Amino acid sequence: MSSFEYHLKEALENISSAGLFRQLRQIDSPQGVHIAVDGQRLLNFSSNDYLGLANHPALCEAAVREVAMFGAGSGASRLISGSLHVHAELEERLAEFKGTQAALTFSSGYSTAIGTLGALLSKNDIIILDKLVHACVVDAARLSGATLRIYRHNDLNDLERILKWADDRTQAGRARPKALIVTESVFSMDGDLAPLQELVRLKNHHGAWLMLDEAHATGVSGRKGAGLARQCDVAEQVEIQMGTLGKALGAAGGYICGSRSLIDLLINRARSFIFSTAPVPAVAGAAIAGITLARSAEGDARREQLWNRVRDLADIINSRDALSTISHSPIQPWIVGDETRAVELADELRAKGIYAPAIRYPSVGRGQARLRFTVSADHTEADLVQLRKTLDEL
Ligand SMILES: *Cc1c(COP(=O)(O)O)cnc(C)c1O
């Protein structure tokens, strides 16, 4: 065996012996409440397609229409010759949706975080993250070269301690380092909410800036699905609003909404934007249709249906998991702890026709393995009854 192959095998064995080996599972149907896996029809509680838009006719038709008019590929990065009419329209619609001056889209949420933090921060700055922010923000923070500090999840006292430490650096006579706080509004693996009003008050008091990742709130929370910042009436005070187009909005990609100057700076400095081929017309078209739908009367009806299912799901999981808290989002974890046990439970559920993924390190902390259940507007009450019965049988 070559030394390279030997290295790969050894690394894989280490992953396996920790109960952390992952494999791709092929889905042979469109995304939806029912999915086909290995010839088996499963009731799906794993998707972030909260409004059931990923396979909605309006989005599919919009994608096809864009292909017919503008072709399959986008040809180049946006700054070369790939900035198409559909991208500008999507960004106008996003800015309108979020009530900001401007917006910029990226090919993924991951590359949004990488490009944005890299554009705004350098080694003389301070970045402060909630302990549970998404991996893309952690990677982006490290890559930016800024000094990284982490506060305990949703713990404002801990955040204040770090902000005071940042203030002290000013008093020592140095130029004031910029402090940027990053949190999610709805946390991706726990489904809980950040205390936005208190957080905004605190960051204003210390003159820090806030980047808010609304990946799991956009389309879901607030009037017309505009997000939790709008619902809490703090959107105008959030310097950088981030989110994805690939969850409730049913397409793919990431965005930043904010002031015109913020967007102009990103166009000039965000390397994941500058050095990457523009998203294809079909995906931008689908995202526009997703936003339109989320803001329509049908969007309201879908959100109402979704929140009914959220209550059903919270009821089911809270009756089993003493550690669980009432959920304020479509995400409800059932904390198992042990990695191997979580995978066994997911396998047992799958054998009984239910698909809910075991989430393990590094997506969550070690010993924090869980089954992560999510609901969609397309789930029926009967689907949730089936989930309850199946969990009872485990
Ligand atoms: C999914 C997710 C991202 C990444 O978005 P992609 O478009 O999937 O790359 C970023 N932040 C959070 C909180 C997410 O859940």
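How many helices and strands are there in the protein chain? I count 15 helices and 13 strands, taking helices as DSSP runs of H or I with at least four residues and strands as E runs of at least two, numbered from the N terminus.

**Ground rules.** I'm working on a predicted model, where local features need pLDDT of at least 70, side-chain atom pairs count only at pLDDT 80 or more, and totals for chains, interfaces and linings use all residues. Residues are numbered from 1 along each chain as its sequence is written, and side-chain values use heavy atoms, with hydrogens and water left out.

**Overall build.** The C-alpha trace spans about 65 × 55 × 50 Å along its principal axes.

Next I checked burial: 52% of the 394 residues count as buried. My cut-offs are under 20% relative accessible area for buried, over 50% for exposed, and partly exposed in between (1.4 Å probe, protein chains only). For contacts (heavy atoms within 4.5 Å), I took those with a separation of 6 or more, and residues 24 or more positions apart account for 70% of them.

**Charges.** I find 43 positive and 46 negative side chains, with Lys and Arg as positive, Asp and Glu as negative, and His and the chain ends not counted. The structure holds 19 salt bridges, each a side-chain nitrogen of Lys or Arg within 4 Å of a carboxyl oxygen of Asp or Glu.

**Helix H13.** Two of the pairs I opened sit here. Arg302 and Glu298 meet at 2.9 Å, N to O; both lie in H13 (residues 297–318), 4 residues apart, about one turn of the helix. Arg302 is buried at 16%, while Glu298 is partly exposed at 34%. Arg303 bridges to Asp300, also with 2.9 Å between the closest N and O atoms, and these two are 3 residues apart in H13. Arg303 is buried at 5%, and Asp300 is partly exposed at 32%.

Where do Glu393 and Lys352 lie? Their side chains meet in a salt bridge at 3.4 Å, N to O. The pair links distant parts of the chain, 41 residues apart: Glu393 is in helix H15 (residues 381–393), and Lys352 is in the loop between helix H14 (339–351) and strand E11 (354–355). Glu393 is exposed at 52%; Lys352 is partly exposed at 38%.

Notes. Charge placed at Lys NZ, Arg CZ, Asp CG, Glu CD.
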